[in-house]
Amino acid sequence: MAVRVGVLGATGAVGQRLIQLLDPHPDFEIAALTASDASAGKTYRQAAKWRVDSPIPDDVAGMTVTATDPDDVPNDVDLLFSSLPSSVGEAVEPGFCDAGYVVSSNSSNGRMDEDIPLVIPEVNADHLDLLEVQRDERGWDGAMVKNPNCSTITFVPTLAALEEYGLEKVHVATLQAVSGAGYDGVTSMEIIDNAIPHIGGEEDKLETESKKLLGSFDGAELSLNDVEVGASCNRIPTIDGHLENVFVETAEDLTPDEAAEAMRVYPSLDLPSSPDQLIEVFEDPERPQPRLDRTLGDGMSVAAGGIRESTFGLQYNCLAHNTMRGAAGASVLNGELLLENGYL
Ligand code: 11C
């Protein structure tokens, strides 16, 4: 029987992607949709200005949206996907966990809390065991798992593939799509013919979240990876897809061929939303300009290429779909991991 799930913040950019990924889904059935108080009581069709690239599923369109309050979500809903703005998430997500719901959250609040698993299933599924610590410390009947920021998700799988060579220093520069800024970013097309050389708070997220994701959990405590990470983040006029330029210094010698092979063989998982190939490596210098590498693996793969030796160690580029692999797809994958591990 399908697990009954809800979407917190269902009318926003990531909330809409979540609905697209959850209807249909082999294991999950949408049974609750929440949004702001202003949307409560409206049908989803009335409440949402639908913008994703497939129609609103018929059964979702007629559902009534509720306020984002544990009292308004049916008790038989087991899993909530949260795409709330971080200030709202910070205020309301703990109440849902306390009320017994398991929350797979894309919101940035609490990602670095010591007892909250920050998970990319292919990279650190073992961190899910932090939920035992979380239960002891917070006394929640439910649980909270977070996925990282979309630009963190884009480069960390490639680092994980190179980890056996001993990661020492990483510098990453991003060129991020406007959908990362939500609908204001997409609709405010003043960014066309422009590039914006900073994104508030983004560098910190890449530098800290990557160390947590690559950290180790000994059953009681999580240790951050001691790799040094420096980030520089920029916005470019692309709708979807974050592109990143990465420089990596490793303890062991690492040739471009070895790096390409390590990324190519880095395993995907057998979850419903897993891509067949997690990292698609492109090495042919004559490769025709790709149109949309962001759609590889139904938007769940990472593309890597331009692998070469540089003055600062190994250099390469990587790209992922920021609202699929980097946000909604990441939360759904974490939900699938929770189900596989018996947390639902
Ligand atoms: C952007 N990466 O492109 C941001 C959006 O921490 O989940 C996602 C913010 C987050 O602006």
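Q: Why is Asp-193 called exposed?
A: The relative accessibility of Asp-193 is 76%. Exposed means over 50% relative accessible area, buried means under 20%, and partly exposed lies in between, with a 1.4 Å probe and protein chains only. Asp-193 therefore counts as exposed. This is a predicted model, in which local features need pLDDT of at least 70 and side-chain atom pairs count only at pLDDT 80 or more, whereas totals for chains, interfaces and linings use all residues. Residues are numbered from 1 along each chain as its sequence is written, and side-chain values use heavy atoms, with hydrogens and water left out.

Q: Where is Asp-193 found, and what is its phi?
A: Asp-193 sits in the loop between helix 8 (183-187) and helix 9 (202-213); helices are DSSP runs of H or I with at least four residues, strands are runs of E with at least two, and both are numbered from the N terminus. Its phi is positive, about 65°, although Asp-193 is not a glycine.

Q: What makes Asp-298 exposed, and where is its place?
A: Asp-298 has a relative accessible area of 69%, so it is exposed. Its place is in helix 11 (residues 296-299). Asp-298, not a glycine, also has a positive phi, of about 55°.

Q: Why is Cys-233 called buried?
A: Cys-233 has 1% relative accessibility and therefore counts as buried. The residue belongs to strand 10 (residues 228-235). Not counting residues up to four places away in sequence, Cys-233 touches Thr-174, Gln-176, Pro-197, His-198, Ile-199, Glu-202, Glu-203 and Leu-206, where contact means heavy atoms within 4.5 Å.

Q: Why is Cys-318 called buried, and which residues is it in contact with?
A: The relative accessible area of Cys-318 is 1%, so the residue is buried. Cys-318 is part of strand 14 (residues 313-320). Neighbours within four places in sequence aside, its contacts include Thr-154, Phe-155, His-242, Glu-244 and Val-302.

Q: Why is Asn-334 called buried?
A: With a relative accessible area of 1%, Asn-334 is buried. Asn-334 lies in helix 12 (residues 324-340). Leaving aside neighbours within four places in sequence, Asn-334 is in contact with Ser-104, Val-119, Pro-121, Val-145, Lys-146 and Asn-147.

Q: What makes helix 1 mostly covered?
A: Nine of the ten residues of helix 1 (residues 13-22) are buried. Among them are Ala-13, Arg-17, Ile-19 and Leu-22.

Q: How do you know where the peptide bond of Asp-23 and Pro-24 is cis?
A: The omega of the bond joining Asp-23 and Pro-24 is about 5°, and the bond is cis. Pro-24 is in the loop between helix 1 and strand 2 (28-35).

Q: Which residues touch the most other members of the largest nonpolar core?
A: They are Phe-155, Leu-162, Met-263 and Tyr-316, in a core of 41 residues. A nonpolar core is a set of buried Ala, Val, Leu, Ile, Met, Phe, Trp, Tyr and Cys residues joined through side-chain atoms within 4.5 Å. Helix 7 (residues 150-162) gives the most to this core, namely seven residues.

Q: Why does this core lie between domain 1 and domain 2?
A: Domain 1 (3-149 + 327-340) and domain 2 (150-321) both contribute residues to the core, so it lies between them; the domain bounds come from an automatic or database domain assignment. Apart from this core lies another, of 39 residues, among them Leu-22, Val-60, Ala-61 and Leu-333.

Q: How many residues does the contact take from domain 1 and domain 2, and what separates their centres?
A: The centres, taken over C-alpha atoms, are separated by 24 Å. The contact takes 36 residues from domain 1 and 38 residues from domain 2.
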